[in-house]
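Hi,

Here is the structure I promised to pass on to you. Have a look at it first, and then read on for what turned up in it.

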Amino acid sequence: MFTSDFSAGELQPELKQVFFHWRNAAEDGKFPRLTQFELPNAHPAPNILSVFEIERTQTGEPADFKALYIRNKIINTLSRKYVGTRLSEHPGFGPGSMIWSCFHEVASTSRPLLAALPYVGPLPEYRSTSELYLPLRGEGVSVDYVLVGVVLLEQEYSHKAP
């Protein structure tokens, strides 16, 4: 489930910090450039961030998404290496998947996106994620990158009295 129509109040606290940093970095109504974020050192929340390059067809349509940087706090929650690879190279992450749909939406519309996705990974204590997808410019005026903030949400265990 994802939406481009969200308010900052709907964001997890860590994602609010990322959103406001992104919004404050915008200039003259244009999205910020990737170079303005200086990951991983200068950003306020580098441990929840990833950056993906948008690969486009000759007509400008999104074709794939290449991982350039993956957050270090939760890298152990991934069952495979992602940096330097494309989403389409990973089973369940290619066209038709929920995560692909999120990236494709941002790349197609150039609008921020808030998503709630089920957690798929090796750690059983997590049930879902809250994800913020933010468009970034490269050297030109088009959106060439997607900055993604991910917060893992833990399982809710019910404790029944004996």
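This is a predicted model: local features need pLDDT of at least 70, side-chain atom pairs count only at pLDDT 80 or more; totals for chains, interfaces and linings use all residues.

**What was found**

Where does serine 128 sit? You will find serine 128 in strand β5, which covers residues 126-137. Is serine 128 buried or exposed? Its relative accessibility is 12%, and buried means under 20%, so serine 128 counts as buried. If we set aside residues up to four places away in sequence, serine 128 touches Leu117, Pro118, Tyr119, Val151, Leu152 and Leu153.

There is another serine to look at, serine 4. This one is placed in the loop between β1 (2-3) and α1 (13-25). With a relative accessible area of 18%, serine 4 is buried as well, because the cut-off is under 20%. A polar atom of the serine 4 side chain lies 3.2 Å from the backbone oxygen of proline 112.

Now for the aromatic rings. How many aromatic pairs does the structure hold? There are nine. One of them joins phenylalanine 65 and phenylalanine 103: the ring centres are 5.3 Å apart, with 35° between the planes, and the pair is tilted. This pair links distant parts of the chain, since phenylalanine 65 belongs to strand β3 (residues 62-70) and phenylalanine 103 to helix α2 (residues 98-109), 38 residues apart. Both phenylalanine 65 and phenylalanine 103 are buried. Elsewhere on your screen, you can look for one aromatic cluster formed by Phe6, Phe19, Phe20, Trp22 and Phe31.

Finally, the whole protein. It has two helices and six strands, and from the N terminus on they follow the order β-α-β-β-α-β-β-β. The protein has 162 residues, and 42% of them count as buried. Among contacts with a separation of 6 or more, 52% are between residues 24 or more positions apart. As for the surface, the protein exposes about 8900 Å², and carbon and sulfur atoms supply 51% of that.

Best wishes

Note on methods:
Residues are numbered from 1 along each chain as its sequence is written. Side-chain values use heavy atoms; hydrogens and water are left out. Helices (H or I, at least four residues) and strands (E, at least two) are DSSP runs, numbered from the N terminus. Buried means under 20% relative accessible area, exposed over 50%, partly exposed in between (1.4 Å probe, protein chains only). Contact means heavy atoms within 4.5 Å. Accessible areas come from the Shrake-Rupley method with a 1.4 Å probe; for residues, only the protein chains shown count as cover. Rings of Phe, Tyr and Trp (its six-membered ring) pair if their centres lie within 6.5 Å; planes under 30 degrees apart count as stacked, over 60 as edge-to-face and the rest as tilted. A polar contact is a pair of N or O atoms within 3.5 Å; within protein, one must be able to donate a hydrogen and the other to accept it, and residues adjacent in sequence count only if both atoms are side-chain atoms.
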